[in-house]
Amino acid sequence: MALSTRTRLLAGFALVNLALIAIAVLVINNRPPQPPLIQGVLLAEGRALQPFSLLTHHNEAFDNSDLIGNWHLVSYGFTTCPDICPTTLSQLVTVNRALISEPGVDLDILFYSVDHRRDTVQQMASYVPFFDPDFVGLTHVDDPDNPHLPFEQSLGIMSKLVPTSEADGGISGNDYEVNHGVTLFLINPRGELQAIFEPDEVAPGVYHFDPETLLSDYLAIRRYLG
């Protein structure tokens with residue numbers, strides 16, 4: 001029996017609609033996932049670090065090659081910091097312990113000193129392991145080539161040494177204050193800067209990283225990047 005013109009038109013419309021639905025489903029299923037919203041900045045593409053050279057608290061050389069293969073989280077400050085630095089490191093201890101329940105999810109914690117004059121290898125060796133024996137302290141020695149600067153500049157580390165008086169010989173003396181920013185830098189297994197985590201300001205000038213938020217953001221980045 002021949003189909004009427006109206007029936008043929010309806011059947012054609014139905015087929016077109018089914019085709020459009022199938023295309024829409026295909027597009028939705030194959031579109032890239034949305035990047036996670038984190039407390040900070042997630043870079044769309046990892047940013048390479050310029051060649052640098054530092055020293056660990058084990059008095060071993062540390063350069064770009066030591067970042068390859070694992071995820072790293074960089075905190076920075078100085079060992080005589082009275083509040084922000086030890087508080088941040090304590091919060092990172094909590095994050096590190098929580099990762100034990102996440103099999104296959106690695107994260108190496110690095111603490112970089114912006115006060116190498118006081119934070120010698122020996123000083124770092126007595127300070128950093130106090131928080132966690134797996135944490136690695138990074139410092140450097142005076143060198144006219146300043147091989148540490150590319151590390152600071154590539155990450156955007158902000159710090160300033162401020163003499164406390166004009167008579168103490170400036171920063172060549174030992175009487176100065178250290179001002180620095182409060183951020184954490186996530187480095188991917190290719191040794192590239194991948195994300196910057198920002199703290200909460202719980203009071204004027206008082207900053208705090210919530211370990212649960214930090215852990216959640218890190219795991220979200222890992223899932224997003226595969």
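Predicted model: local features only at pLDDT ≥ 70, side-chain atom pairs only at ≥ 80, totals over all residues.
1. Leaving aside neighbours within four places in sequence, G46 is in contact (heavy atoms within 4.5 Å) with N188, E192, L193 and Q194. G46 belongs to strand 1, residues 40-48; helices (H or I, at least four residues) and strands (E, at least two) are DSSP runs, numbered from the N terminus. A C-alpha to C-alpha distance of 8.1 Å separates G46 from A195, although the two are 149 residues apart in sequence. G46 counts as partly exposed because its relative accessibility is 23%; buried means under 20% relative accessible area, exposed over 50%, and partly exposed in between (1.4 Å probe, protein chains only).

2. Residues are numbered from 1 along each chain as its sequence is written, and side-chain values use heavy atoms, with hydrogens and water left out.

3. As to the chain as a whole, the protein chain contains 5 helices and 12 strands. Of its 226 residues, 40% are buried. Among contacts with a separation of 6 or more, 71% are between residues 24 or more positions apart. The protein chain exposes about 12900 Å², of which carbon and sulfur atoms supply 57%; accessible areas come from the Shrake-Rupley method with a 1.4 Å probe, and for residues only the protein chains shown count as cover.

4. Helix 3 (residues 121-131) has V121, M124, Y127, V128 and F131 buried. These residues lie on the same side of helix 3 because they cover an arc of only 130 degrees around the axis, the arc being that of the directions from the helix axis to the C-beta atoms. An α-helix has 3.6 residues a turn, so residues three or four places apart point the same way. Q122, S126 and F130, on the other side of helix 3, are exposed. The cover over the buried residues includes strand 2 (53-56), helix 2 (84-98), strand 5 (108-113) and strand 6 (136-139).

5. H57 sits in the loop between strand 2 and strand 3 (61-63). With a relative accessibility of 6%, H57 counts as buried. Beyond four places in sequence, H57 touches V121, M124, A125, V128, P129, F135, V136 and G137. The side chains of H57 and H58 make a polar contact at 3.3 Å; such a contact is a pair of N or O atoms within 3.5 Å, where within protein one must be able to donate a hydrogen and the other to accept it, and residues adjacent in sequence count only if both atoms are side-chain atoms.

6. The largest nonpolar core has 54 residues, and those with the most contacts inside it are L73, Y112, F151, L155, L186 and F197. Helix 2 gives the most to this core, with 6 residues. Such a core is a set of buried Ala, Val, Leu, Ile, Met, Phe, Trp, Tyr and Cys residues joined through side-chain atoms within 4.5 Å. Not counting residues up to four places away in sequence, the residues that Y112 touches include L54, V74, L138, F151 and I157.

7. Two backbone angles deserve a check. N59, in the loop between strand 2 and strand 3, has a phi near 60 degrees, a positive value in a residue other than glycine. N146, in the loop between strand 6 and helix 4 (149-155), has a positive phi near 50 degrees. N146 counts as partly exposed, at 32% relative accessibility.
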